Amino acid sequence: MSISDPPKWANWLVEKLCPESRLEEVQGDLHEAYHWRASEFGATRAKWLFVTEAVKSSRISSITPFRTLNQYLMIYKNYLKTGWRFLKKNKLYSSLNILGLAMGISFCWLAYLYADDEMSYDQYLEHHEEMYRIVIDFKRGDDLHHIGGSSNAMSVQFSEKIPEIDQVVRIKSDFGLIQKEDEVIEQSLIMTDKELITLLELNFSEGAPGEFDLPNDVIISETLAGTLNLRGNAVGKILSLNRGEEFEDFIIRGVYEDIPENTSVRRHLIMSYSNYLANAPERRLTQWFDLNMNTLVKLHDKSTVASVEEKMDELHKENEPDSEAEVAMKLQPMSQIHLNQDYGHYNGIARGGNVEMIRLFAGIGIFCLIISMINYSNFNISLYINRSREVALRKVIGAEKKSIFNQLIAESFLSSFIAGVLALLVLILILPMFSSFVGKSYTVDFLINMRFIIGALAILTATAIISGFYPALILSRFSIVKSLKGEQKIRSGKWITQTLLGVQFILATGLVAGMLTMRKQVKFLSTFDTKVDLENVVYHDYIPAEEGQIKKFMLDLEQLPEVDQVAAISGYNGTRLNSEEVQFDVRHLRVDRNLMNLLDIEIVSGRNFNEEIISDREQGVLVNEAFVERMGLEDPVGQIIPFKYNQLEHPKVIGVVEDYHFESARNVVDPLVIYQSEQYPLQSVYVKLNRAATFDSKRFEQLWAKNFDPFPFEYSFLEEAYLDAYEAENQMVQLVGIGCVVSIFLAGMGLLGIVGLQLNQRFKEISIRKVLGASSINLYSVFTKKYILIVTIGLTGGLSLGYYLIEDWLGNYPFRVDFGASIISVTVLVTLAIALITILAQVFKVVRANPVKFLRDE
Amino acid sequence: MELVGSLEEIVLMILLRNEKINSVEIAKEYYEAMGKNLSVPSIHVTLKRMQKKGWVKSEFGAPTAERGGRRKRIYWATPKAFDLLSELTKAKSRLWKGITKPSLQYVHI
């Protein structure tokens, strides 16, 4: 009977698995058994048994000690052991080294965590690729406006007439008051279509939304259910909500698990859209260009975006045939809503992300990591001179360049791993601080997430490879004979070390210069002369009441002894001024009583409003200087201007006010028209307090409660409100400040290590110089000069880098500071001082040492 | 008396019945006696363990074509193993005598 041979691959497996000493016997036996079984049970069975027994032959090896069997494992174990000994031998430098690396890594991890979270918005949704928000590009003259909104009429028509659209979800935001025992909770909410519930993949822990088509259907989040003490028995309960005038009753249909924080549409209270349909005035529902809500659409297929946009434009033209403006209807992908600032974040869309902040974070994280990696490389190159003997000996025994290289890379993995563990501890410690800093709720759980773990490991691995690569390359090339004689010098390493040191200082100086300029700019902005007297002014914003009630409140306030003056305004709105000669956007403001006097705004020419002149109330307006300039008026007072808003047409200018900053000093002052005519409801009340009297908010609160109960009492100081406008800048300054401290610290540490190590190799030289009579000043200058040169080069490079980056940033501000002499000199002073102290401390140690100690051995 | 595992015991018995045999022949005889296949590596492991205990000795035999020209290792049992096993068998048979009385408990119904 002819019998085939056993499978070759299984035979190969035996060779790999079975220890060499037993291979001949085992392999022979398996073959013999194969032939016997093939004749007894058939070839298939024999083959199968051969394969399983080939695998089982590894059992034989388990009898002998494992580590002697795998040479790779053994050698790497040895690498790690020598690496660990090496770290222990140079305790100071290794701990500096690893500490620096840990700082860089943890900063980089934080940046990654933040950036990844910000960029992950809405992307967990199954259909996010087919979901879009309807937005509008609106062009009038030369001004392009991006509008993140749409109207009810649009939503209805799009959903009926565009077949590519699968679902349309309207989102209208609102807020209401919930009475809970003694306190009143202010709760924002959205009114929306039922489809949103499936598109956002809400999970219901209690109840279900059902049809969700009755005006009093609501669903609430678990958090809100907890606040209202309704956990577990919320379904079917009545929720009393006040949205303006009186409390209405709603029925809670279900409780959903909180919507994840990285979702753009996120509210704790969701109401059926039918409520809006039932209550909104006819005009709001039918007028085409009444943009007051957001609409999300889900397409059947994402490739049809262009054709859908085209059809939307056609429908727009049908509905709005005489519009002069160029309008382009667009679809904004769901995943871009969060980070794209152009279309804004309102009407039910959660506050957007700050791309600049992400960039800054990532930039600083990478800067710090680069600096700490350079530290690592530099330390190791300098320390390796001590190890050249070990390397040479390994080579003599038969190690190749490649294996030396591998050894050093393995060591850098060891250091990075230790640094990684430290970095993790640092991260856990600073995470709560960090999350309140960026206004997120990151917890430690946030780190246990596949994306973060993979990203963090990638950063760690890259750090190990990059920081270990260069030292490994240099050391593996050492000549054997020279190293054994102790004559090997790291010539090629020297200039690289110095270049790297220079790069560190460039990065650190760049950050310092940037931070100083940013601080100066923020200080400049917050002390900017807005031409408004902000002192002792209290204001109430967005008062949710009728005009009559507000006026009564103002009269009540005037009775208080501490109140000097009271005025009310509508808020600064915008419209378009169209005349034959000029078209431009203009802001307009309705005032009641004497706001100019209250805020001490100067009237440049003409006069203020006069209570006694009736025509002032209907047709008189004040304009600001920017308006005069934009219109090109020679003698503005007494002129009729082509301004139109609602019923106010062709008003007469009675005076010109100074360009006071009614918003922050971040922008130039827009052209402004101020009128008294009742074209816009009053919204805010300004109160000027008497300097002599003390402010007691209790009395204000009583008056508030008398007029506006149950709305919660709110007030702010105008001075603070102006400063709050620079919140984002302040945050950036803080962030860059931290980055600055860390990077300067790391660069200083690097310098400390390098100077120390290089001087250690020159003890003999210094001793001989001393014996021959060199003065200490002489010695200091000889050994400091070289490093000062590097630091100076770093300073120059860093200042240019800082200048380049910061000019770009300052370009956003029309009112700005300059990157001038004061910033340059402070940066130079700070950096040089730190560098000098570090260098001198090391040189001092060497120069003061007793020369006999180092010369004695010869 | 040293403890002997049940696989060890059977392999030892097979070795004692023969002069000098190799692992595959043990596997064959095991199959004939017990009607079950025993994997060759497990015989190797057992033999190795018994060699350490001094119950088995081995040497290389001549290469054969069946084995692809590889030499075979042949095994035989030592006198120590013979004493151990005979003692064990005696002890076992004494124990078994206590079980010979049929009891209802063990009758298949």
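At what angle do α2(A) and α3(A) pack, and how far apart are their axes? In this predicted model, for which local features need pLDDT of at least 70, side-chain atom pairs count only at pLDDT 80 or more, and totals for chains, interfaces and linings use all residues. Residues are numbered from 1 along each chain as its sequence is written, and chains are lettered from A and ligands numbered from 1 in the order in which they are written.

The angle between α2(A) and α3(A) is about 150°, and their axes are 7 Å apart. Axes are lines fitted to C-alpha atoms, for helices over the stretch in contact, with angles from 0 to 180 degrees between N-to-C directions. The pair is therefore roughly antiparallel (angles under 35 degrees count as roughly parallel, over 145 as roughly antiparallel, 65 to 115 as roughly perpendicular and the rest as oblique). The crossing of α2(A) and α3(A) is right-handed (near helix turned clockwise from the far one by less than a right angle; left-handed if anticlockwise). Residues of α2(A) in this contact include Leu30(A), Tyr34(A) and Phe41(A), and those of α3(A) include Leu49(A), Phe50(A) and Glu53(A). Contact here requires C-beta atoms, placed from the backbone, within 7 Å. By class, nine residues of the contact of α2(A) with α3(A) are nonpolar, none polar and three charged (nonpolar: Ala, Val, Leu, Ile, Met, Phe, Trp, Tyr, Cys and Pro; charged: Asp, Glu, Lys and Arg; polar: the others, Gly among them).

Chain A has 29 helices and 23 strands, taken as DSSP runs numbered from the N terminus (helices H or I, at least four residues; strands E, at least two). Of its 858 residues, 36% are buried (20 or more other C-beta atoms within 10 Å of the residue's own, C-beta atoms being placed from the backbone). Among contacts in chain A with a separation of 6 or more, 82% join residues 24 or more positions apart.

The contact between the chains takes 18 residues from chain A and 18 residues from chain B. On the chain A side, α2 (20-41), α3 (43-56) and α4 (58-61) each give two or more residues, and α2(A) gives the most, with twelve. The chain A side consists of six nonpolar, five polar and seven charged residues.

In chain B, α1 (residues 6-17) and α4 (residues 79-97) cross at roughly 120°, their axes coming within 11 Å; α1(B) and α4(B) are therefore oblique to each other. Their crossing is left-handed.

How values were computed: Contact = placed C-beta atoms within 7 Å. Buried ≥ 20, exposed ≤ 12 C-beta atoms within 10 Å, placed from the backbone.
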